[in-house]
Every structure is written in C-alpha cells, then in structure tokens.
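Here is a short tour of how the strands pair in this chain. Have the sequence and the model open as you read.

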Amino acid sequence: MSNNMTPLNLPPYTVKTRMVDGKTYIFDALRRKYVMLTPEEWVRQHFVNYLTAHLNYPASMIANEVELQIGQKRLRCDSILYDKEAHPKMIIEYKAPTIPLTQKVFDQISVYNLLLHVDYLTVSNGLQHICCKMDYSNQKYLFFEDIPNYENI
C-alpha cells in the first residue's frame with residue numbers, strides 16, 4: 001500500500017500523490033488540487049471515488065470542505081452532496097480508520113444538519129460506513145444496510 005496508509009473497506013482506485021518538502025499530498029478530483037495526505041483525507045478520497053465511480057453519484061454535485069457558519073461559530077463539513085437545485089441533500093463526515101464511528105461522531109454530523117436540514121447523513125472511517133435517511137416527521141433515523149446508489153436517493 002502506498003504511503004503506509006491503512007487498506008480500506010472501499011474499492012481501490014489509482015491514487016495520485018506527490019511529495020512536497022518531505023510531505024505527501026493526494027490529488028482531490030473535486031477540488032482539482034493536491035491536498036495534504038492525512039488518514040482522514042485518505043478515507044475521503046476513497047469514499048468520494050466509491051460514490052462517483054461505483055454508485056453513480058455525480059461528481060459535479062459533491063463538494064469537499066464546505067464551510068458553514070452558525071452564529072459566530074464556523075464549522076466545516078467534510079463533503080456535501082447537493083441536489084439538482086443546489087440544495088444540500090447529504091452530509092458526509094469522514095474519520096481516520098483508527099477512529100470508531102460512535103454516537104459522538106453522529107452527534108457532530110447532526111449539528112451540521114441543524115443548519116442544512118438534509119435528507120441523508122453518512123459517516124465513514126473507511127472501514128465502516130453508516131448511512132441513514134432522516135425521518136423528520138417521526139424524529140428518527142432510517143438506517144441503510146449499504147450506501148444507496150444515487151438513483152435510489
């Protein structure tokens with residue numbers, strides 16, 4: 001495995017990396033630039049590739065590193081999927097493979113959703129992936145067995 005990064009529970013793809021001043025950068029196709037390779041970024045790039053190359057999510061409707069503002073507080077969503085009208089549809093949060101997907105992780109993405117009010121929440125540490133549909137009328141989450149194809153959301 002290149003760069004000593006953890007093998008993930010996601011389909012492999014041809015990763016583009018480069019070294020700058022002894023640090024490894026990975027190419028982010030959505031942002032069209034190289035970004036510092038961290039364990040979380042490793043997960044993000046593989047997950048976005050999984051969504052676009054395997055589940056038919058349009059890359060043009062996904063944005064990475066989206067800044068939100070709640071009062072004086074600035075928050076950063078790892079990725080957001082938008083619908084055809086450019087309304088946020090899914091928030092995606094990534095963690096390093098060593099970080100378990102706990103209630104605390106879900107609470108973090110739920111805070112973002114207070115502002116965005118999306119239909120879907122997704123979290124991944126590259127090894128485990130959790131996706132749910134919001135059921136606002138019954139105030140609960142409907143969890144999926146697998147990440148749904150784009151056509152099914």
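Strand 1 pairs with strand 2 (residues 23-28) through four bridges, in the antiparallel sense. Within this pairing, T17 stands opposite I26 of strand 2. The model is a predicted one.

The pairing extends to an open sheet of three strands, in the order 1-2-3, with antiparallel pairing. Strand 1 (17-20) and strand 3 (33-36) are the edge strands, each pairing on one side only. On average, neighbouring strands of this sheet are turned by 40° against each other, direction ignored. Helix 1 (residues 39-54) lies across strand 2 and strand 3. Helix 1 runs at about 25° to strand 2.

Is strand 8 (residues 129-135) mostly covered or mostly exposed? Mostly covered: five of its seven residues are buried.

Strand 8 pairs with strand 7 (residues 120-124) and with strand 9 (residues 140-143). The table lists both pairings.

| Strand pair | Bridges | Sense |
|---|---|---|
| Strand 7 and strand 8 | five bridges | antiparallel |
| Strand 8 and strand 9 | four bridges | antiparallel |

K133 links the two pairings. K133 in strand 8 is the bridge partner of Y120, and L142 in strand 9 is the bridge partner of K133.

Which residue takes a positive phi in the hairpin of strand 8 and strand 9? Q139 does, with a phi near 50°. That hairpin has four residues between its strands. Strand 7 and strand 8 also form a hairpin, with four residues between them. In its turn, G126 has a positive phi of about 85°.

Conventions:
Residues numbered from 1 in each chain as written. Predicted model: local features only at pLDDT ≥ 70, side-chain atom pairs only at ≥ 80, totals over all residues. Heavy atoms only, no water. Buried < 20%, exposed > 50% of the residue type's maximum accessible area, 1.4 Å probe, protein only. Pairing = 2+ DSSP bridges. Axes fitted to C-alpha atoms, helices over the stretch in contact; angles between N-to-C directions. Contact = heavy atoms within 4.5 Å.
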